[in-house]
Amino acid sequence: IKKVMPIPKAHYGGRHTVTLLPGAGIGPELMGYVKEIFKYAGVPVDFEEIDIDPNADNNDDLNYAITSIRRNGVALKGNIETRSKEVGVLSRNVALRNQLDLYVNALHCVSYPGVNSRQKNIDVVIVRQNTEGEYAMLEHESVGGVVESMKVITKSNSERVARYAFEYARRNNRKKVTTIHKANIMKLSDGLFLETSRRVAKDYPEIILNDMIIDNTCMQLVSNPHQFDIMLTTNLYGAIVSNVICGLLGGAGLLAGKNYGDHFTIFEPATRNTGASIAGKNIANPIAMLNAAVDMLRHLGHKNHAVIIQSAINKTINAGIQTKDLGGTATSREVIDNILKCIKTAQS
Ligand code: ADP
Ligand code: MG
C-alpha cells in the first residue's frame, strides 16, 4: 500500500476547487450541464478542468490530473477512453484509481419510484475493491498461444475494503453484508478475500455476514434482489454486479458511484460508460452525472445546494420528463431545462 502525503487543500472564502475530468464520449456534454446547473444554483465550486488525451504517447495529462486531485482532494469524472490495444498502454481510468490509491468503489443503488424499471424498491449498497484483483493489468504471453493474466488479491486491501463495508453498515444502520466471491474455484485468491471479510466481521457482531458465489449472485439479483443489503466484492465481480443492478434500476444513465481512498475522492456515473455512440445527439441521460455532482456537494459539505439540486432532479424524474433510455421522450436539454425550472421555483 502506497502512503501519500496529502497536499494541503486549497480553501478560501468557503469555496472549493474541484478537479474536472470530462473524459470522452458523452462526458463533455454532461459536464457542461453540471456547470450550467451549478452556476444557476450559485454553487460555490470552481472547476480545474483537465482533458486527458487518450492518444498521447506520454502520461503528462494523467500526471497533471493526479497532481490536481492530490491538491484539490476531490474530482468529478467522465470516462476516459483508452483506445490503444497495446499491452503496456494502461487504462487511464485504472491508472488514476491505482495511483491515488482509491481502494473502494461504493455504489448506493436505490430505485426511483418514478422510473419504470424491471425491479422496484431496491436499496443495495455495493462496496467493491477498486485497485487490484483482475484489474492488476499484468498479462503476458508466456509461450506462443498461451496467455497468462494475473489476478492479485492482497490481505491488506481485502481488509481495508471489508472494514469500509462494515463501518458503512454500522454508521448507516444496515443489517447485513454479503461477500461475493468464487472461492470454491479460486481457493487462494478469493479465499483470502472471503476469509478476511469473516475476520473483520468479528469486530461488528451486530451485523450479519453471509457470502454468495458470483454466478448464483447474478441469478439471485435478477430474481430476488431484495435479499441484499450491502454487497462486498472483489474488483471484476463488482463491475458485473454493478451493471446488473444498474440495469434493473434503469440503466447506465441514472446512478452515480464514488471512488474513495484515505485522502481523495472521485465521483462519476456508476457504470463508467463512455457513451461514444450517443455523444452529441442530445439524447444522453444527464442524471447519473448530476447525481455524482450532488454526491460531491454533500461530500464537500455544501448540503443546501445538494438538497436543492437533488430535489429538482427528483421532481423532474417524477414528472416523467425522462430520456429515451428510461422509456421517456425528452431530450437531454429538456431534462436540464426542467431541472433549472425546479431550482428557480425552489429559490423564489
Ligand atoms: P463502454 O464505455 O463500457 O463501452 P458504452 O459507452 O458503450 O459502454 O455504454 C453502454 C451502453 O449504455 C450503451 O448502449 C450506451 O449508449 C448506454 N449509455 C451509457 N451512458 C448513458 C447515458 N448517460 N444515457 C443513456 N445511455 C447511456
Ligand atoms: Mg464505449
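Helices are DSSP runs of at least four residues, numbered from the N terminus. In the predicted model described here, leucine 194 belongs to one of these elements, helix H5, which covers residues 189-201. Leucine 194 counts as buried because its relative accessibility is 6%, below the 20% limit that applies to buried residues. Apart from neighbours within four places in sequence, the contacts of leucine 194 are Thr179, His181, Ala183 and Asp211. The C-alpha atom of leucine 194 lies 29 Å from that of glycine 251, a residue 57 positions away along the chain.

Open space in the model was examined next. Rolling a probe the size of a water molecule over the atoms shows where empty space is left. The largest pocket holds about 630 Å³ of space. Its lining consists of 24 residues, and those closest to the centre of the pocket are Leu107, His108, Tyr168, Lys258 and Asp295. Four elements each supply at least two residues of this lining, namely strand E5 (104-110), helix H4 (155-171), strand E12 (256-260) and helix H8 (287-300). The largest share comes from H4, with six residues. By residue class, the lining of the largest pocket comprises eleven nonpolar, six polar and seven charged residues.

The model has one cavity of 30 Å³ or more, and the volume of the largest cavity is about 30 Å³. The residues that line the largest cavity are Asn285, Ile287, Ile317, Ile321, Gln322, Thr323, Leu326 and Val335. Five of these lining residues are nonpolar and three are polar, while no charged residue takes part.

Among the strands, E7 (residues 133-143) and E8 (residues 146-152) run antiparallel and are joined by six bridges. Glycine 133 of E7 has valine 152 in E8 as its bridge partner. The two strands form a hairpin in which two residues lie between E7 and E8. Glycine 145, in the turn of this hairpin, has a positive phi of about 85°.

Most residues other than glycine have a negative phi, and most peptide bonds are trans. Arginine 272, however, is buried, since its relative accessible area is 14%.

Threonine 234 occupies the loop between strand E11 (230-233) and helix H7 (235-249). With a relative accessibility of 1%, threonine 234 counts as buried. When neighbours within four places in sequence are set aside, threonine 234 is in contact with Arg128, Gln129, Glu134, Ile153, Ile180, Asp190 and Phe193. Histidine 305 is part of helix H9 (residues 303-318). Its relative accessibility of 19% classes histidine 305 as buried, given that the category takes in values under 20%. Beyond neighbours within four places in sequence, histidine 305 contacts Ala41, Gly42, Val43, Pro44 and Leu297.

The cysteines were examined last. A disulfide is a covalent bond between the sulfur atoms of two cysteines. The count of disulfides in the model is zero. In the case of cysteine 218, the closest cysteine sulfur belongs to cysteine 246 and lies 13 Å away, which is too far for a bond, as a disulfide requires a pair of cysteine sulfur atoms within 2.5 Å. Cysteine 218 is partly exposed, with a relative accessibility of 22%. Cysteine 342, by contrast, is buried at a relative accessible area of 11%.

Methods
Residues numbered from 1 in each chain as written. Chains lettered and ligands numbered in written order. Predicted model: local features only at pLDDT ≥ 70, side-chain atom pairs only at ≥ 80, totals over all residues. Heavy atoms only, no water. 1 Å grid on protein atoms, 1.4 Å probe; cavity = no way out; pocket = protein on both sides within 12 Å on 5 of 7 lines; lining within 4 Å. Points joined across faces, edges and corners; volume = space filled by probe spheres on them. Nonpolar A, V, L, I, M, F, W, Y, C, P; charged D, E, K, R; others polar. Pairing = 2+ DSSP bridges. Buried < 20%, exposed > 50% of the residue type's maximum accessible area, 1.4 Å probe, protein only. Contact = heavy atoms within 4.5 Å.
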